[in-house]
Amino acid sequence: MASPSQQLPPGWTAEWDPASQRYLFIQASTGRSQWEIPTPAPVQLMDHAPSVSPPPFTTHHGKRRQYAAGQTQVYYGAGDALGDQYGALNVPQQQQPAATAQLFTPGLAAEGGFAGQQQVPQASYYAPQQEPQYINAPGFGQEPTFHPPNAPIHHLTDQFGQMGMGQKPLHLTTTNLLTSPPDPRELVRSPPEIRLPANACITTSPYANADPSYQRCTINAIPTTSSMLNKSKIPLGLVITPYRTLKDGEPPVPVVTDTVIARCRRCRTYINPYVQFIDNGNRWRCCMCSMSNEVPQLFDWDQIRNQPGDRWARDELNHSVVEFVAPTEYMVRPPQPAVYVILIDVSHTAVQSGMVATATRTILENLDRIPNEDERTKVAIIAYDISLYFFSMPPGTTESTMLVVSDVDDVFLPKPTDLLINLTEARQSLESLLGRINDMFQDNHTVGSALGPALQAGFKLMAPIGGKIMVLSSSLPNVGAGSLKNREDLKILGTSKESGLLQAASPFYKTFAIECSRAQVSVDMFLFSAAYQDVASLACLPHYTSGQTYFYPAFNAARSEDAIKFAHEFGEVLAMPIMLEAVMRVRASKGLRMASFHGNFFVRSTDLLAMPAVPTDQSYAIEIQIEDTLTQPFVVMQTAVLHTTCHGERRIRVITLALPTTNSLTEVFASADQVAIATLLANKAVERSLTHKLEDARDAVHQRLVEILSSYKSSMTSAGAGANAQLAISENLRMLPVLVLGLLKNVGIRQSAQIPPDLRAYAQALLTTLPSQTLIPYIHPTFFSLHNMQPEAGTVGEQGVILPTPLPLTSERLERHGLYLIEDGQTIFLWIGRDAVPQLVMDVFNLPNYEVLRGGKTTLPVLDNDFSQRVNAIIQKTREMRRGVYYPHLYVVKEDGEPPLRLWALSCLIQDRADVLPSYQQFIGQLKDKVNGANNY
């Protein structure tokens with residue numbers, strides 16, 4: 001029987017049903033199916049098939065952005081919007097969450113949005129003539145392709161879908177890097193718009209595609225073949241931050257509590273806004289493998305009201321980020337309580353530095369913040385020097401007993417009970433103990449560290465349950481298992497052998513970490529040593545157990561700044577709502593394969609990532625390969641994390657990202673996300689420095705940038721393969737060269753013979769774990785001029801403290817009479833010129849003149865004058881605006897002050913020449929020569 005497809009009206013397809021031996025007719029836009037041959041007359045489906053076709057939203061909020069006053073100042077400091085300036089948190093693109101007052105991102109003129117902004121009184125320093133140029137720059141100002149809520153959309157989408165007009169190509173704008181210097185404002189723009197074909201999504205919800213702060217791809221229009229991807233030279237990868245903190249005003253992740261979880265029978269994809277419903281809504285077609293699946297019986301039932309429910313109101317069909325409460329079949333064992341075992345170094349150096357006193361006081365002050373909603377949380381304290389000190393805390397008393405184990409070669413638990421105690425039941429004895437630990441060891445003159453045995457003891461204590469070990473260590477471990485030697489050798493710094501210092505010196509730390517991972521134990525390291533501590537070896541534990549490393553070199557609590565920084569970060573880690581016993585898997589449409597993984601976890605099988613405890617705001621990068629030609633108009637990538645919440649509930653967090661496919665190289669370049677590319681390159685560079693050499697890592701990153709520029713020149717410009725006086729790149733990638741330069745100058749991989757191995761290893765740990773929003777300032781710092789900042793800067797606007805205009809990262813902007821702030825998310829420098837007038841010094845530092853001002857780590861006084869309060873507000877905003885627990889130190893840097901401090905601050909100005917590293921202009925010149933040379937062979 002011949003297919004009747006030729007006689008069908010537009011938008012209908014015929015599918016042979018072998019069971020009934022007849023054709024089933026399916027309307028592509030809605031998934032509606034029928035046995036009768038459809039007539040060409042328009043069919044109004046909205047009222048007759050609510051179970052098949054989603055009704056449009058009745059409100060206009062999903063399309064119209066609710067812009068608050070002063071939003072166009074986002075880069076210049078309109079308050080809390082800056083909290084997400086580098087993460088591009090709320091990207092107004094197709095199927096993205098509507099922007100809120102706190103989350104405006106420039107680069108979008110939504111319907112009525114730009115006009116609405118013009119009615120808002122703008123700050124005088126924001127030049128009106130610049131505004132249209134920045135907000136509506138080519139390629140970034142396209143209106144999102146939402147359907148008007150009350151328009152009859154089906155006829156239009158059917159007609160345009162048949163004509164291939166449902167998806168406008170992205171506009172490509174070429175820029176010449178030689179004549180367009182880097183503009184820091186570029187980094188706050190949202191990624192290129194995701195333009196999905198018509199009818200890709202079954203909902204008009206603005207939350208249907210993943211927000212880039214959760215999951216972003218390096219390319220937002222996936223090439224259909226691997227040969228086209230190779231031709232573009234852009235690396236294809238995902239940057240994932242599955243558990244990011246929520247700022248005030250951000251919507252929480254919706255939770256599906258009815259335990260009805262629809263998954264594809266073949267590829268195990270979770271149902272999402274990109275599936276199709278067929279067979280009168282009784283079945284759904286998987287968007288990844290096209291398998292037809294039955295809709296679960298209770299999918300359309302409201303279990304709370306015990307009545308039929310509205311399918312189209314279900315969160316998993318309207319939200320790309322959703323959490324399911326998991327039924328028992330998702331559990332190997334019942335959800336376990338949260339367990340915290342804290343190992344405290346009580347050797348002489350630890351006590352004398354004030355670390356022990358600060359740590360115990362911080363734990364005491366944060367007991368109420370430790371997650372304990374179900375009152376099942378367990379805590380243990382183990383102290384160690386060259387022996388182990390356990391503390392027995394019977395519930396219901398204020399007494400505690402110290403038990404000493406001196407045999408560190410064969411670690412055992414001195415008592416079967418009361419060492420790991422219930423936080424609620426034994427609260428009094430725990431508080432009493434924390435108040436006495438520092439006094440107990442005040443006169444301890446023992447030097448040495450049995451860290452390995454202490455880890456083994458903590459592991460024995462919690463192995464049956466799992467949980468988190470927090471290690472506080474002030475010296476190099478040198479007793480028992482895992483003992484290390486000082487291998488710092490100044491002669492090999494800067495040579496090809498230096499990468500050996502960045503690898504673990506003892507196999508103990510990797511093998512123990514894998515044991516921990518198997519037992520669902522995660523390790524966090526807090527390191528305080530003034531001397532060499534072998535951060536590279538110790539960081540292995542967090543790396544393979546999904547923990548985090550924190551480093552406080554030369555910690556001394558007598559300096560209040562050191563104590564405040566550690567207490568803040570340690571307290572935030574204690575209070576963090578961790579996810580326990582987690583496994584993560586990323587699935588993708590047919591033809592795509594997850595090729596390699598970067599981040600803190602252990603790869604248990606080919607694509608299953610084991611994470612005993614997932615901290616918030618930790619990022620992971622995954623490289624993707626195109627194995628087969630992609631034939632679908634769009635692809636879907638879905639991250640699923642099965643975990644136990646710290647209040648004892650098994651859940652699955654699902655993050656879905658849909659991206660269009662393209663066979664146009666123009667669209668590939670126009671859709672490239674420079675922030676995601678820089679994040680992926682940072683992860684790849686660190687891995688290469690460990691498997692090869694630091695020089696190889698730098699060369700690989702540099703070569704990848706040259707290849708991208710060469711490909712763009714040969715494919716997208718009239719110069720083709722010939723030499724060219726320009727260095728061309730697409731507008732959306734114009735900041736990629738300066739981001740790469742910043743990465744090449746970062747402490748983690750910089751060419752230098754002066755960087756201590758501990759600092760380099762810690763920088764590498766940051767490069768592979770920071771989310772994009774925090775990583776980008778780490779490789780491309782922020783630079784403000786404070787002495788002549790706009791009158792509004794430092795004052796409170798409608799969205800918080802307004803920040804000054806950022807400057808290019810070059811010392812050419814430094815004036816001798818000026819006051820500047822330079823920060824990279826980890827450290828804040830306050831640079832003051834030698835000719836600063838006495839009034840400025842008095843207003844900020846409460847000192848009579850520049851000569852009596854001392855440089856170094858400091859706390860700025862809050863004085864009774866407007867300028868002092870504005871500067872303090874900017875520093876406070878800088879410390880709070882990004883995700884993560886980090887609390888940057890503040891250093892005052894005098895122009896003619898200590899050379900090491902000056903050089904450290906100036907190294908943040910990455911567009912300057914430094915040591916053997918080129919300036920930005922020299923770097924661009926080198927790139928131009930290589931690109932022209934690469935095309936002339």
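Student: Which residues does Asp-524 touch, not counting residues up to four places away in sequence?

Tutor: This is a predicted model, so everything here is read from computed coordinates. Leaving out residues up to four places away in sequence, Asp-524 touches Lys-468, Ile-469, Met-470, Val-471, Gly-547, Gln-548 and Val-573.

Student: Is Asp-524 buried or exposed?

Tutor: Buried means under 20% relative accessible area. Asp-524 has a relative accessible area of 2%, so the residue counts as buried.

Student: Where does Asp-524 sit in the chain's elements?

Tutor: Asp-524 lies in strand β21, which covers residues 521-527.

Student: How do I read the pairing of a strand?

Tutor: Strands of a sheet pair through backbone hydrogen bonds, and the pairing is either parallel or antiparallel. Here β20 and β21 run parallel and are joined by 7 bridges. In that pair, Met-470 has Asp-524 of β21 as its bridge partner.

Student: Which other strand is joined to β20, and by how many bridges?

Tutor: Strand β15, residues 339-345, is joined to β20 by 5 bridges, and the two run parallel. Across that pairing, Ile-344 stands opposite Leu-472 in β20.

Student: How many residues of β20 are buried?

Tutor: Strand β20, residues 467-473, is mostly covered, with 7 of its 7 residues buried. In a regular strand the side chains alternate between the two faces of the sheet.

Student: What does antiparallel pairing look like in this model?

Tutor: Take the open sheet of 3 strands, whose order is β9-β10-β11 and whose pairing is antiparallel. Its edge strands, β9 (276-278) and β11 (292-294), each pair on one side only. From one strand to the next, the twist averages 35°. Strand β10, residues 283-285, is joined to β11 by 3 bridges. Arg-283 stands opposite Glu-294 in β11.

Student: How is a pocket found?

Tutor: Rolling a probe the size of a water molecule over the atoms shows where empty space is left. The largest pocket in this model holds about 1600 Å³ of space. Its lining has 48 residues, and Val-747, Arg-750, Leu-759, Trp-904 and Ser-907 lie nearest its centre. Elements that give two or more residues to this lining are α12 (560-575), α17, α18, β37 (889-894) and α21 (899-906).

Student: Which element gives the largest share of that lining?

Tutor: Helix α21 does, with 5 residues.

Student: What can be said of the whole protein?

Tutor: The protein has 22 helices and 37 strands. Of its 937 residues, 62% are buried. The protein exposes about 35200 Å², and carbon and sulfur atoms supply 51% of that area. Among contacts with a separation of 6 or more, 75% are between residues 24 or more positions apart.

Technical notes: Residues numbered from 1 in each chain as written. Predicted model: local features only at pLDDT ≥ 70, side-chain atom pairs only at ≥ 80, totals over all residues. Heavy atoms only, no water. Pairing = 2+ DSSP bridges. Helix = DSSP H or I, 4+ residues; strand = E, 2+ residues; numbered from the N terminus. Axes fitted to C-alpha atoms, helices over the stretch in contact; angles between N-to-C directions. Buried < 20%, exposed > 50% of the residue type's maximum accessible area, 1.4 Å probe, protein only. Contact = heavy atoms within 4.5 Å. Areas by Shrake-Rupley, 256 points an atom, 1.4 Å probe, with all protein chains shown as cover. 1 Å grid on protein atoms, 1.4 Å probe; cavity = no way out; pocket = protein on both sides within 12 Å on 5 of 7 lines; lining within 4 Å. Points joined across faces, edges and corners; volume = space filled by probe spheres on them.
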